[in-house]
Amino acid sequence: MMLSPDQAADSDHPSSTHSDPESLGGADVKVLGSVSDLEPVEEADGDGKGGSRAALYPHPQQLSREEKRRRRRATAKYRSAHATRERIRVEAFNLAFAELRKLLPTLPPDKKLSKIEILRLAICYISYLNHVLDV
């Protein structure tokens, strides 16, 4: 389905977007995402029916940087690596809170504190230590 430049510009307007393929003019219309992401690509055989992959998707050189990033992030390998990095980050974050918690005086000493309580107690303790040093 080829769009004129006017139609492509209008497709960016929220009121003109349709998520239902049948509302676009037939059941054989394929919804590929945002029409503005695709640039017109000449059909190879010229029979007007399309159907070839090259006619439906732009060449990788034609993709915007954002679209390339979006496609790369959609891969299972990327998601798995991202989840691993996030898990390591959260573990380091929790370890830092545990170390800070060990330095703070509380009664009872083994009292379980939330992260916000640890931060507030650390602020108060630092203020107290500054006061002691000033006297």
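## Overall organisation

Of the 135 residues in the protein, 10% are buried. The structure described here is a predicted model. Its secondary structure consists of 5 helices and 0 strands, and the order along the sequence is α-α-α-α-α.

The accessible surface amounts to about 11,300 Å². Carbon and sulfur atoms contribute 57% of that surface. Among the contacts in the protein with a separation of 6 or more, 21% join residues 24 or more positions apart.

## The nonpolar core

The largest nonpolar core comprises 5 residues: Phe97, Leu104, Leu113, Ile118 and Ala122. Leucine 104 lies in the loop between α4 and α5. Its relative accessible area is 7%, so leucine 104 counts as buried, the limit being under 20%.

When neighbours within four places in sequence are set aside, leucine 104 is in contact with Ile118, Leu121, Ala122 and Tyr125. Alanine 122, treated in the same way, is in contact with Leu100 and Leu104. A further spatial relation of leucine 104 involves cysteine 124: the two are 20 residues apart in sequence, and their C-alpha atoms are 9.9 Å apart in space.

## The aromatic pair

The whole structure contains 1 aromatic pair. Phenylalanine 93 and phenylalanine 97 form this pair, with 4.9 Å from centre to centre and 70° between the planes. The arrangement is edge-to-face because the angle of 70° is over 60 degrees.

Both residues belong to helix α4, which covers residues 76-103. Phenylalanine 93 and phenylalanine 97 are 4 residues apart in that helix, and therefore about one helical turn separates them.

## A nonpolar patch on the surface

Tyr128, Leu129 and Val132 form a nonpolar patch on the surface. Together, these residues have about 280 Å² of accessible area.

Leucine 129 is placed in helix α5, which covers residues 115-134. With a relative accessible area of 36%, leucine 129 is partly exposed.

Notes. Residues numbered from 1 in each chain as written. Predicted model: local features only at pLDDT ≥ 70, side-chain atom pairs only at ≥ 80, totals over all residues. Heavy atoms only, no water. Core = buried A, V, L, I, M, F, W, Y, C linked by side-chain atoms within 4.5 Å. Buried < 20%, exposed > 50% of the residue type's maximum accessible area, 1.4 Å probe, protein only. Contact = heavy atoms within 4.5 Å. Patch = residues over 30% accessible without salt bridge, like charges linked within 9 Å, V, L, I, M, F, W, Y side chains within 5 Å. Areas by Shrake-Rupley, 256 points an atom, 1.4 Å probe, with all protein chains shown as cover. Salt bridge = Lys/Arg side-chain N within 4 Å of Asp/Glu carboxyl O. Helix = DSSP H or I, 4+ residues; strand = E, 2+ residues; numbered from the N terminus. Phe/Tyr/Trp six-rings, centres within 6.5 Å; stacked < 30°, edge-to-face > 60°.
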